[in-house]
Amino acid sequence: MTNGWCDIANTDVALVMGGNPAENHPVGFRFVMEAKRKRKAKLICIDPRFNRTAAVSDLYVPMRAGTDIAFLGGLIHYAISNDLCHMDYVRAHTNAPFLLRDDFSFSEGHFSGWDAEKKSYDKASWQYELDGSGYAKVDPTLENPRSIFQQMKRHYSRYTPEKVAEICGCNAEDFKKAAAVICSTGRAGKVGTILYALGWTHHSHSVQLIHTAAMLQLLLGNIGLPGGGINAQRGHANIQGSTDMGAWNMLPGYLRLPRANHVSLDAYLKATTPKPLRPNSMNYWGNTPKFATSLLKSYYGDRAKKENDFGYQWLPKLGETENQSWGYFFDRMHRKEMHGFISFGMNPVANGPNTEKMLEALANLDWLVVVENFETETASFWNAKKLGEKFYSKYVDPAKIQTEVILLPAACFAEKDGSFVNSSRWLQWKKAAVPPPGIAKPDHEIIARIFMAVRALYAKEGGKGMESLMAMQWNYAQPLTPSLEEVAREVNGRDLTTGAQVPGFAALKDDGSTSCGNWVYSGSWTEAGNNMARRGQEDPTGLGLFPNYAWSWPANRRILYNRASNDADGKPWSENHASIRWNGTKWTGDVPDYKADAGPHDYGAFIMLPEGVAKFYTTELAEGPFPEHYEPMESPVKNALHPNASSNPCAPVMTSSADAMGTPDKYPYVAITYRLTEHFHYWTKHVASGAELQSNFFVELPEALAKEKGIKGGDVVRVSSARGTVEGPAMVTQRMRPLTVGGKTIYHVGIPIHWGYVGRVRGPLVNNLTPSAFDPNSGTPEYKGFLVNVEKL
Amino acid sequence: MMPQVNRRQFLQAGAAVTATAFGFRLEGASAVARELKIARTNQVQSVCPYCAVGCGVVIHTSGERVKNARPTVVHIEGDPDSPVNRGTLCSKGISLKEFVVNDRRLTKPMYRAPGSGEWTDISWDEAIQKIARRIKDTRDKGFQEQDAQGRTVNRLDTLGLIGGCTDTNEINYLLGKFRFGLGILPYENQARL
């Protein structure tokens with residue numbers, strides 16, 4: 001979240017789309033209800049399903065799954081064409097005035113630079129037009145036809161209310177009603193928030209979807225203000241933290257994993273450190289060398305020296321264009337190109353797309369280690385045929401599966417220390433309350449014991465890659481049982497000359513005199529102690545920032561981009577919506593997202609970006625600098641804007657023998673997956689009360705479709721996709737209205753996720769059905785808006 | 001503004017003081033009832049492991065002072081001092097005790113041999129040794145010090161690693177060191193699905 005849970009109470013309009021907080025984040029949702037109660041805020045809910053959030057909304061508009069960019073693009077068009085944008089904000093704080101090159105274009109669903117053979121773009125024509133000093137040229141009047149504002153206006157001119165209605169299947173009048181309320185925040189004195197969750201991330205165009213939402217919020221001047229922002233309601237206790245700490249192609253703190261062509265630390269830093277694109281850009285990522293060098297010092301300690309590039313060569317390098325995200329490596333595992341796999345508290349058979357492919361992939365391993373609280377579908381994958389009954393009838397018998405499996409019992413949250421990061425970016429420290437059951441062990445001890453045992457084998461026998469393995473610093477007081485307090489102190493970073501904890505990332509150096517395990521967490525454990533464990537109740541701004549409760553990254557800042565809550569001269573856009581204020585010599589209030597004592601005109605308001613301002617237009621994403629509506633990879637209709645470029649041209653779709661994509665003639669219905677408030681993911685099927693409250697898997701069907709098929713509530717139905725099937729009783733409701741799209745009636749089928757073949761209660765895994773189709777930027781699978789058929793059994 | 005009294009101070013005030021400090025208001029009476037329920041427990045501050053609202057919870061345990069017994073969780077409730085949840089919890093959070101104290105929890109390492117149809121017990125030492133051997137053999141075979149162009153890459157892509165959604169930051173940091181020490185490239189997390 002740019003803002004935070006408590007801050008939602010400051011909003012005037014809450015748009016909930018791609019999420020259902022009343023059901024899935026009920027305690028956080030109380031802040032929406034507080035805004036409604038205390039500020040008469042309006043709640044707008046856009047979703048294929050009339051869900052629990054819709055039930056308490058002021059306005060609900062149904063839409064077809066996978067068409068969110070069309071809806072949001074329509075809002076951009078509505079705001080611009082009805083003169084509802086906060087134009088002073090747009091001029092002061094965005095790249096709307098920047099000029100594009102004259103060879104940039106868009107037609108028939110493709111931007112300039114499209115290479116149909118490589119299925120990717122040459123981005124040269126997407127760049128800004130630069131002046132002689134390397135800065136972007138701008139037109140402050142926004143009238144130049146090559147300005148981003150004019151290009152954006154033209155790009156979304158196609159997204160009229162009628163076109164939105166045609167694509168999304170909603171009614172143009174309903175769209176306009178929602179647009180009027182949402183765009184009412186496009187002026188000083190009113191602010192709107194956007195809340196989303198996996199309903200936005202589970203698409204083959206998910207990153208662009210969130211990009212569209214950010215564009216809308218910038219047009220309305222809602223970024224950086226209390227009660228505003230783009231707010232991801234994250235679905236698990238520490239997936240924000242897991243993202244911060246680096247996975248896939250990242251090092252901790254959003255530093256990029258080096259690639260083979262970055263042959264030295266210098267080459268890596270040159271490639272990953274941005275240059276300012278405007279004279280007043282602070283370009284804070286210009287400090288990348290300090291963050292990267294301090295991380296290397298944290299990893300390699302005294303072995304990291306200037307002469308050896310601080311150990312940079314020991315880090316693994318990706319190939320120049322290589323992608324090792326989920327879809328790609330499970331595909332390699334399926335092809336027997338991987339031999340071993342370790343799962344620390346994750347359950348790929350349940351969580352990954354196309355369950356049968358997951359099962360086949362794991363059966364192609366030599367060995368598998370699973371570290372868990374409970375037996376999972378992944379740990380017992382070799383027994384899926386017996387446990388999963390009819391859904392895996394083609395799957396092999398255990399006797400034919402040669403994978404060696406070791407299942408290790410781990411401590412749960414209550415049995416170990418450490419910090420979780422909630423959606424508000426608050427790092428909250430928890431303490432171990434009891435020891436783990438039986439002879440289970442805490443995860444950090446399991447990691448340490450395995451790592452030390454591997455190193456002991458190398459020490460004894462020698463082997464490949466010994467230098468990089470032995471170079472990793474592991475100097476904990478008890479190497480087999482490191483204390484998490486010790487680790488947290490290492491993550492914060494220290495001054496290696498004095499041995500003191502650094503006060504924050506501003507103290508980090510690129511000369512090897514500081515260490516830091518994750519620069520965005522620097523400040524979490526200073527000489528003052530463990531700031532994550534703070535319990536202060538003060539709220540001096542009255543905005544619900546609680547600056548002394550826990551610790552928020554970065555720098556204990558509670559609202560990101562808060563400089564933008566003031567105009568160019570440093571005056572709040574409105575007295576009620578500024579979390580920082582300029583008193584003539586410094587900024588007061590929240591920790592400023594700006595230099596604390598720099599005048600309002602010294603820098604652009606968005607200090608992290610090389611532009612110094614927020615971006616409507618970005619060259620960083622795979623499929624275009626502006627978001628465009630593309631259909632899901634399986635869709636019941638062709639794209640109404642450009643039928644020949646129907647779905648995302650850059651989205652990866654796997655093609656192994658276990659993969660298949662369906663077509664609407666065989667699979668005519670649009671499926672969505674969702675959570676229920678009684679369950680948490682695939683865990684609470686092990687918990688008695690969850691098992692009792694929602695014991696049974698079910699399939700939600702619209703009344704009209706059920707009638708057409710002769711299905712009554714409680715009848716057992718089979719849902720099938722090109723990948724697999726699920727079966728369960730039908731729950732016939734009026735919650736998913738039939739939608740008319742391109743002259744066709746479109747029905748949705750809703751399937752809850754929480755069951756599996758291991759648990760106190762059991763049921764089919766919804767991912768039996770889902771496709772191995774992914775977003776090209778994030779690698780996230782398309783779990784919303786895939787095609788299925790339904791039959792009565 | 002009302003003086004801020006956090007929950008611990010409130011309870012510390014105790015039943016005897018309640019009458020004078022709080023009169024006979026309902027809050028006082030319910031606090032007495034609460035205190036009886038949790039009178040002999042230890043309290044530990046924690047955070048709910050489910051969704052990322054990040055509700056503060058208080059875990060009540062007992063058995064720390066009992067000979068030959070392991071301390072156990074007897075009650076988990078919302079933390080009134082948390083600005084996020086102010087003592088409230090959802091239907092999942094309120095039953096967290098059943099998650100921790102649960103007869104389905106794994107209590108010992110288990111082993112499934114290639115081709116076998118069942119789990120057998122294995123000791124920690126043997127399990128760790130087997131895993132270390134597997135990792136070393138896989139790495140010896142698959143580790144690439146240089147790529148085809150002779151560039152140093154120190155990478156391993158035949159061994160994958162994934163992390164879960166309640167791994168703390170500190171565990172994730174250690175997993176990162178484990179990953180980069182071994183040179184593992186395929187590394188994903190629940191955060192990205």
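Predicted model: local features only at pLDDT ≥ 70, side-chain atom pairs only at ≥ 80, totals over all residues.
Strand S15 (residues 418-421) of chain A and strand S16 (residues 426-430) of chain A pair in the antiparallel sense, and four bridges join them. One of the facing pairs consists of A:Phe420 and, in S16(A), A:Gln428.

Strand S15 of chain A is covered on both faces. A:Gly418 and A:Phe420 lie on one side, A:Ser419 and A:Val421 lie on the other, and all four are buried.

Chain A is divided into domain 1 (6-235), domain 2 (326-466) and domain 3 (643-792). Between the C-alpha centres of domain 1 and domain 2 of chain A the distance is 38 Å.

Chain A also contains an open sheet of five strands with parallel pairing, in the order S3-S2-S1-S8-S9. At its edges stand strand S3 (59-62) and strand S9 (230-232) of chain A; each has a single partner strand, so one side of each is left without a neighbour in the sheet. From one strand to the next, the twist averages 20 degrees. Within this sheet, strand S1 (residues 13-17) and strand S8 (residues 192-196) of chain A pair in the parallel sense over four bridges. A:Leu15 has A:Ile194 in S8(A) as its bridge partner. Helix H8 (residues 172-182) of chain A packs on the sheet and touches S1, strand S2 (42-47), S3 and S8 of chain A. The direction of H8(A) makes about 135 degrees with that of S3(A).

## Two packed helices of chain A

Two packed helices are described by the angle between their axes and the distance between the axes. Helix H4 (residues 68-81) and helix H7 (residues 161-168) of chain A pack at an angle of about 170 degrees, and their axes are 9 Å apart. An angle over 145 degrees counts as roughly antiparallel, and H4(A) and H7(A) are therefore roughly antiparallel to each other.

On the side of H4(A), the contact is made by A:Ala70, A:Phe71 and A:Gly74. H7(A) contributes A:Pro161, A:Val164, A:Ile167 and A:Cys168. By class, the residues of this contact are six nonpolar, one polar and no charged.

## Chain B

Chain B has five helices and nine strands. Read from the N terminus on, the elements of chain B follow the order α-α-β-β-β-α-β-β-α-β-β-β-α-β. Of the 193 residues in chain B, 46% are buried. Among contacts in chain B between residues at least 6 apart in sequence, 34% join residues at least 24 apart.

## Where chain A meets chain B

The interface brings 132 residues of chain A into contact with 108 residues of chain B. On the side of chain A that touches chain B, helix H18 (residues 443-461) of chain A supplies the largest share, ten residues. This side of chain A has 73 nonpolar, 45 polar and 14 charged residues.

Strands of a sheet pair through backbone hydrogen bonds, either parallel or antiparallel. Such pairing also links the two chains: strand S14 (residues 404-409) of chain A and strand S4 (residues 110-112) of chain B pair in the antiparallel sense over three bridges. Here A:Ile406 stands opposite B:Tyr111 in S4(B).

Notes. Residues numbered from 1 in each chain as written. Chains lettered and ligands numbered in written order. Contact = placed C-beta atoms within 7 Å. Nonpolar A, V, L, I, M, F, W, Y, C, P; charged D, E, K, R; others polar. Pairing = 2+ DSSP bridges. Axes fitted to C-alpha atoms, helices over the stretch in contact; angles between N-to-C directions. Parallel < 35°, antiparallel > 145°, perpendicular 65-115°, else oblique. Domains from an automatic or database assignment. Buried ≥ 20, exposed ≤ 12 C-beta atoms within 10 Å, placed from the backbone.
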